[in-house]
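This briefing goes through a structure in terms of its chain interface, its salt bridges and its helix packing. Sequence and coordinates come before the notes.

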Amino acid sequence: MHNPANNVVLEARSFCCNIGGNSILRDISLQIHRGQYVSIVGPNGAGKTTLLRAFDRLLSGDTSGELDICGLSWRDWKQSNLAKLIAMVPQADSRAIPFTAEDFLLMSRYPYMSPFCTIRPDDRTAVRDAMAATGTTAFAQRRLNTLSSGERQKVYIAAALVQGAEIWLLDEPTTFLDYHSQVDILSLVAKANRELGITVVAVTHDLNHAALESDRVIALRQGELVFCGTPEGLMTSDTLQAVYGISPLLVEHPQTKLPMIVPRRTPKQDKETA
Amino acid sequence: MANDRTKERGMMPNWAVGAVFVLAVLVVLAAPFWGMASIPLRALSGDVRTDSEAFILWEMRIPRVLMAFLAGVGLSVSGMVFQAMFRNPLATPFTLGVSSGASLGAAIAIQCGWTVTILHGVSTVSLSAFLGAVVSILLVYILTARSGQGVSPSTMLLAGVAVSYFFASLILFVQYTTDPSSSFRILRWAMGGLEHVVSFREVLGVMPFVVSGCLIVWYLTFDLNLLTTGEDFAFSRGVDVAWTKFLLFLGVSLMVGAVVAVCGPIGFVGLVAPHICRLLVGADHRRLFPMSLCFGGTFLVVCDTAARMIMPPAELPVGILTALLGGPFFLWLLLARKHDLESL
């Protein structure tokens, strides 16, 4: 059942992270394999984002244990080399970025640039291709501030393509998006995973989607690894109880037969008594 | 294509940036001939020892104009760097305590009577002001470097303002304990001005600092673009954020320290010149840097020429004029463009 070691792209061994005296991650041990779609789930404040950022060496505070990226300890990586391998896709927040989508995407070519960062024709080609692939060509000349959240998130995905990374780290890519944009973004990511063989690690609150799309799911609670396994393993009352402390209503997905969570109706006592 | 694009964003096309450069050269060439006494062109070839007009031109006007340009460049580029690095429109070396640090250095030197001239015409007051400026930048740097990713730029700005007030109190304390004439000298020094510039020696002293600072910034213009989008963004795309920030702080402290040592704290240029340029050419530092450089230098040359001419025979401290001339222009631009500086 063991995969060959060279297929492990991200590996944590008893990894801990303390920020300002609070232990954010405790004794995390896990492996992520090349080409997998992995979701990280868990309640707010469980340390999901900290774990995701650790894979991109975006660590603050003290750490112990080991974290290997493609077989090399995170300490030994040079960030300009790592940038060719790992792309971080942030939330489509409203952070003010005063650049056009095209100029913003050109910045993702940074790891390939020579000193003084002259833009070469192949940089422009990479940006044009990524915009075409993500359907963002139409707003190439619009400033990022003027785009909607959904459009901006697509530009962020395009940036990961431009960066040429084979591992994408996504931090709640669909939060704040309307339903249509959610479907758009998630299908872009799934396509990258299937057609380009991109390893996807995504923090998400959407358990149903995580279960449907992922090869593996990692569940954290209060900085500890509670569950690491298949979607079928996650979607059981016991696991969900352990992770979230709730016992949800589970129904069968009509296509995949996977258990899906449906919301429970809150008891409407007022109405009944009235 | 490039033109459509700049038009849509309401920004100057590339040729206009070139035009500002030409304008800068023309202003620097013309300014020495203006002043309380107009100097005719033939003074250029006159003998400095016998022709008084030639003497004024070569020994006073030209060094002073060059110094004004260098100071404008140094302050404007430093302001641009800090605004990008802290992603805050109010962050400049002066708002983060450099002016008060330098003034404190000068005040201590004046109070202690260390007003001798040491090697190559560098006075102890200048040296002390330089140290004051560099120490305050170092303080901001240490706070930034220690805080890592946990502390927001606005917190940094607040810390800088607190440092600034702290130094300002110490200056008041020094002034309070000193005699009236020293107190006046301290006050006069804190206004800033270029009337100390009386030879090429000051110009040659400041030039290497400003030039090397600008070279550092020029080397990092694209990195500055990435920093504008956020430190995490930049880091994730392979920028060595800590090293880049160190280099930028180094460049800024060289430029600002040298300029402040000779000219005192000339306010407003560092804050507003980069904003005016940003409104004109956008946030891309590959355009913004040359623009800030030319505009900042030219702006201070114009202000200083006006300061020499407005109230003859007195010369106004140029620090009074920078805000007087620049303020309304900036406000007009701000309102006309309906631009949001929050987005830099």
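The notes below are grouped by topic.

The model is predicted. Chain B and chain A bury about 2900 Å² between them, and a search of the whole structure finds 17 salt bridges over all chains.

**Interface between chain B and chain A**

- On the side of chain B, 29 residues are in contact with 37 residues of chain A.
- Of the roughly 2900 Å² buried between the two chains, 60% lies on carbon and sulfur atoms.
- Phe222(B), Phe233(B) and Arg237(B) together account for 23% of the area that chain B buries against chain A, which is more than any other three residues supply.
- The count of salt bridges between chain B and chain A is 1.
- Asp232(B) forms a salt bridge with Arg53(A), and the closest N and O atoms are 2.7 Å apart.

**Salt bridge within chain A**

- Side chains of opposite charge can pair when their charged atoms come close.
- Asp68(A) forms a salt bridge with Arg13(A), with 3.1 Å between the closest N and O atoms.
- This pair links distant parts of the chain, as Asp68(A) sits in strand β4 (residues 62–69) of chain A and Arg13(A) in strand β1 (residues 8–19) of chain A, 55 residues apart.

**Helix packing in chain B**

- Two packed helices are described by the angle between their axes and the distance between the axes.
- For helix α4 (residues 98–111) of chain B and helix α7 (residues 180–191) of chain B, the axes come within 10 Å and cross at roughly 155 degrees.
- Angles over 145 degrees count as roughly antiparallel, and α4(B) and α7(B) are therefore roughly antiparallel to each other.
- The α4(B) and α7(B) crossing is right-handed.
- From α4(B), the contact uses Ala102(B), Ser103(B), Ala106(B), Ala107(B) and Ile110(B), while α7(B) brings Ser182(B), Arg185(B), Ile186(B), Trp189(B) and Ala190(B).
- Sorted by class, the residues in the contact of α4(B) with α7(B) are 7 nonpolar, 2 polar and 1 charged.
- Helix α8 (residues 200–219) of chain B and helix α9 (residues 221–228) of chain B have axes that come within 4 Å and cross at roughly 60 degrees.
- Val217(B), Trp218(B) and Tyr219(B) of α8(B) make this contact with Thr221(B), Asp223(B) and Leu224(B) of α9(B).
- The contact of α8(B) with α9(B) has 4 nonpolar, 1 polar and 1 charged residues by class.

**Helix packing in chain A**

- Helix α4 (residues 121–134) of chain A packs with helix α5 (residues 149–163) of chain A at an angle of about 135 degrees, and their axes are 9 Å apart.
- That angle makes α4(A) oblique to α5(A).
- The crossing of α4(A) and α5(A) is right-handed.
- Ala126(A), Val127(A), Ala130(A), Ala133(A) and Thr134(A) form the α4(A) side of the contact, and Lys154(A), Ile157(A), Ala158(A), Leu161(A) and Val162(A) form the α5(A) side.
- By class, 8 nonpolar, 1 polar and 1 charged residues take part in the contact of α4(A) with α5(A).

**Arg264 of chain A**

- Arg264(A) lies in the loop between β12 (259–262) and α10 (269–273) of chain A.
- Apart from neighbours within four places in sequence, Arg264(A) is in contact with Ser247(A), Pro248(A) and Leu249(A).
- The C-alpha atoms of Arg264(A) and Leu169(A) are separated by 32 Å, and the two residues are 95 residues apart along the chain.

Conventions:
Residues are numbered from 1 along each chain as its sequence is written. Chains are lettered from A and ligands numbered from 1 in the order in which they are written. This is a predicted model: local features need pLDDT of at least 70, side-chain atom pairs count only at pLDDT 80 or more; totals for chains, interfaces and linings use all residues. Side-chain values use heavy atoms; hydrogens and water are left out. Axes are lines fitted to C-alpha atoms, for helices over the stretch in contact, and angles run from 0 to 180 degrees between N-to-C directions. Helices (H or I, at least four residues) and strands (E, at least two) are DSSP runs, numbered from the N terminus. Angles under 35 degrees count as roughly parallel, over 145 as roughly antiparallel, 65 to 115 as roughly perpendicular and the rest as oblique. A crossing is left-handed if the near helix is turned anticlockwise from the far one by less than a right angle, and right-handed if clockwise. Contact means heavy atoms within 4.5 Å. Ala, Val, Leu, Ile, Met, Phe, Trp, Tyr, Cys and Pro count as nonpolar, Asp, Glu, Lys and Arg as charged, and the others, Gly among them, as polar. Buried area is the accessible area (1.4 Å probe) that two parts lose on being put together, summed over both. A salt bridge is a side-chain nitrogen of Lys or Arg within 4 Å of a carboxyl oxygen of Asp or Glu.
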